[in-house]
Amino acid sequence: MTARFDCAVVGAGVMGCATALFLARGGMRVALLDRGGICREASGVNAGTLTMQMTRAALIPYALRAHEMWLTMPQWCAGGDVLATACPGLSVAFTDGEAAMLEERARIRRAAGAPIEMIDGRAAQAIEPGLADGVKLAGHCPIDGFTSAYLTGRAFRPALLEAGVTLLEDTPVRGVDERFTLDTAAGAIAARRLVLAGGAWLEDMAAWVGIRLPIKVLVNQLVVTERMAPVMRTVLGVASGLLSLKQYANGTVLIGGGWQGIGDRARGGVSVRPENFLGNVRLAAHTVPALREARVVRSWLGLEAETADALPAIGPIPGVEDAWIIGSVHSGYTSGPYMGRLLAQAVLGQEPDLPLFPIDRLLNERSNAA
Amino acid sequence: MSFDIAVLGGGPAGMAAATTAAVGGARVVLLEESPAPGGQVHRAPPPDFVGKPDADRREGDRLRAALAASGADVRTGCRVWGLGGGPLGPAGEAAGPFALSALGADGVPFAVLARALILCCGTHERVIPFPGWTLPGVIGLAAATILLKAQGVLPGRRVVVAGAGPLLYAVAAKVLAGGGEVVAVADAASRGEWIAALPALAARPDLLARGTAWRAGLLARRVPVLQGSQVAAAEGDGVLARVRVLAGGAECILEADALCVGHGLVPATEATRTYRARHAHRPEDGGWVPVLDDRQRTSVPLLYAAGDGAGVRGAAAAPAAGRVAALAALDDLGLPGERPASGTAALGRARRAGAAMARMMALRPSLVAAIPPETIVCRCEGVARAAIEDAAADGAATVNQLKHFTRCGMGPCQGRMCGEAAAAILAAARGVPVAEVGFATGRIPLRPVPMEAILGEFDYGDIPVPAPAPI
């Protein structure tokens, strides 16, 4: 057995990586474990959207700070780069019903700190010439943008190693005993503290320490086009939040929005649902008509975790001293690096800059009494 | 449209599978991308072309006639892009029929449901990169075959033919027959390799005789055949002007306006990967292949694979494998009907000859090792060998991770062209066997699909937008 680590972080997605990085920089000896490769699940296959207009109101203050972190990533992540790009964001309404929804949601997000202003269709087209006619109302947020999410693992890796984190990829954890000795494929790993950062697999991990934390799994579909001439220059969504559209510098257009495919924790992302594939690309082509000229080259799936109240699970694990949890952040990639930094502050015994999201509210007292 | 059995791909395996299944009483659909069934070897020329049919054409015509008489619903000119159903359902639900989405020859989308699916998807060509391989004027051996067979078009006037396997000599012979000049044939296989293959080839005297005739034709025209050689570089100012070939330790420079080069064939496993069937890495079969039982069944119930897509054994062995798959599907579906004998002795001989050729066409690690650092490997995304090795040094351990780190294989071809070389470079950089770096996850679409074609007519209000997330 190797010498005891100050902290073992299980799950090398964006939350686990950020937590491990800031713990190590805070002076701890950290092991970061993943059953697969670094950021190969949701953190590497999501749409990379840095939008406020799909973020839950309660998370806006966090997302704003995380937006800043993504845009400056090379400075705090040892040069690691996800090609973060800042651009305006538009959320549009094509019907009166959507306009009412948009206005209501923008008002709530504005109150939470997102600088969203309401503009008409003509003004929206001035910001986004690729936008279709027929927009009744648009929410315009100057703070938006996107990353190339597939670069996330490569961006974090050198910084983690430089900070002294022991990164153990392809090392599934089978269980944890009460003294935080991890039973892993690479042998026993002993740690004084434990952070569970397992995304859609958090429910299984929480069971290791005797906690029943129901986590719903969303199976989000994404579609990407071939490279094409510029057709848009903003991050575009619709009032319902079911569209996320952006064109990368290389010309590819990424089409998402949380349409659901088939998959589960055991099998991962299994298959795209053809009817949802069609609905998603129709919504995209309706919003940016030039996309009709595109060719679709690939679709894929990523598993997102959601708690019962769709708010994050970030904080100490009740009844298990020195065990912590982080995940289930709605639009979690957007807020991820900041959430990891906050949890690291708490684990290091500091006061977090913003409040955590303790999971006591999510636990059924009876089933967790034992 | 609902069928008992769908056959994807109308080469020799697919034609035989569809014919056998339909004659056996199943409702069968065959889906083929080309304007006519036939595949690469038995490719039909355009309807207006006149010309004396060769042995391949006659065998193809025979398979086509049997297919036409079988009662199978044959859809040509269609592009299958979507795969679903079968094992790809939600957890806890019984497997449903296989569901294929396609664009018809008329551009109109259609869907096919089938209780069983036989994949006869053939191969794609392996071209191991070398400096200049992306220059105009450099084309694949299989591409040259298509030009010559389907259109009677020469790839150039002064042609260098290079690479490995029997296609080399077939292409050289066809270029000569078409009035072109073959500057040289640069064969990666040594004379010794060909001699070692002779006993297996003798099992198919017809093929051996044809190969011998091709070689004799080259000899008569004094075409140099450079055994054990490889292309060092293709050069020219924006277009191919000369080919540098390394042969026997010396380099020769060949003036040419076309280089037809291919290093073998890679089974097309997009569909079996998408259906998450089990695969094994078998270099002698062409690389990653679906794991099959002795009746062509994959690890996924009611999903079968036959022909070169299931492991390279050549066109002669393909029809028999297609028949075996169809008979297994008929049995597994419990369909009554006649069961023609499947001729296993002939299959054995054809497979033995095919296996000898497949060994010659297997990936040659020395060619991968020779790729210079700055040479592009993934031409869709412009990823050079050095970038792949940098990614390996940065911790990319698998092909899927390499994609994330470099975009290698993320372009329009989705790794069909570069995947194998990239995997070999990654494995070499890591010092592990190539099987250990895995293969790219299979996802739809199977081929790039025009958005306009799949969108159809719709009103905004008809888009079934799900309920929004909580605010």
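This is a predicted model: local features need pLDDT of at least 70, side-chain atom pairs count only at pLDDT 80 or more; totals for chains, interfaces and linings use all residues.
As for names, residues are numbered from 1 along each chain as its sequence is written, and chains are lettered from A and ligands numbered from 1 in the order in which they are written.

H7(A) itself is mostly covered, with 8 of its 11 residues buried. Here "buried" says that 20 or more other C-beta atoms lie within 10 Å of a residue's own; 12 or fewer makes it exposed, anything in between partly exposed, and the C-beta atoms are placed from the backbone. Among the buried ones are Phe156(A), Arg157(A) and Leu160(A). What do the buried residues of H7(A) pack against? On the chain A side there are H1, S2, H2, H4 and S6, and chain B joins in with helix H12 (399-406).

## Two helices that cross in chain A

H1(A) also meets H10(A), which covers residues 332-347. Their axes come within 7 Å and cross at roughly 35°; axes are lines fitted to C-alpha atoms, for helices over the stretch in contact, and angles run from 0 to 180 degrees between N-to-C directions. Residues of H1(A) such as Val14(A), Ala18(A) and Phe22(A) take part in the meeting, and so do Gly336(A), Gly340(A) and Leu343(A) of H10(A). By class, this contact has 12 nonpolar, 4 polar and 1 charged residues. For that count, Ala, Val, Leu, Ile, Met, Phe, Trp, Tyr, Cys and Pro are nonpolar, Asp, Glu, Lys and Arg are charged, and the others, Gly among them, are polar.

## A hairpin in chain A

Next up is a hairpin: S17(A) and S18(A) have 6 residues between them, and Gly319(A) in the turn has a positive phi of about 85°. The two strands run antiparallel and are joined by 4 bridges. Strands count as paired if DSSP finds at least two bridges between them. One bridge links Gly315(A) to Ile325(A) in S18(A).

## Where the chains meet

How many residues of chain A are in contact with chain B? There are 46, and they touch 37 residues of chain B; two residues are in contact if their C-beta atoms, placed from the backbone, lie within 7 Å. The largest share of chain A's side, 8 residues, comes from H9(A). That side is made of 21 nonpolar, 11 polar and 14 charged residues.

Is H4(B) largely enclosed or open? It is largely enclosed by the rest of the structure, because 9 of its 11 residues are buried. Those buried residues include Leu167(B), Tyr169(B) and Lys174(B), and what covers them includes H3, S9, S10, H6 and S15 of chain B. Just after H4(B), Gly179(B) takes a positive phi of about 95°.

Chain B also has an open sheet of 3 strands in the order S12-S13-S14, paired antiparallel. S12(B) and S14(B) are its edge strands, each pairing on one side only. S12(B) and S13(B) are joined by 6 bridges, and one of them pairs Ala234(B) with Val243(B).

## Into the core

The largest nonpolar core has 299 residues. Such a core is a set of buried Ala, Val, Leu, Ile, Met, Phe, Trp, Tyr and Cys residues joined through C-beta atoms within 7 Å. H8(B) gives the most to this core, with 10 residues. Ile118(B) is among the residues with the most contacts inside the core, and it touches Ile5(B), Tyr304(B) and Ala326(B), among others.

Finally, look at Cys121(B), in the loop between S6(B) and S7(B). Cys121(B) counts as buried because it has 25 C-beta neighbours inside 10 Å. Its contacts include Leu8(B), Ala268(B) and Gly309(B). The C-alpha atoms of Cys121(B) and Ala305(B) are separated by 8.3 Å, although these residues are 184 residues apart along the chain.

Note on methods:
Lists of a residue's contacts leave out its neighbours within four places in sequence.
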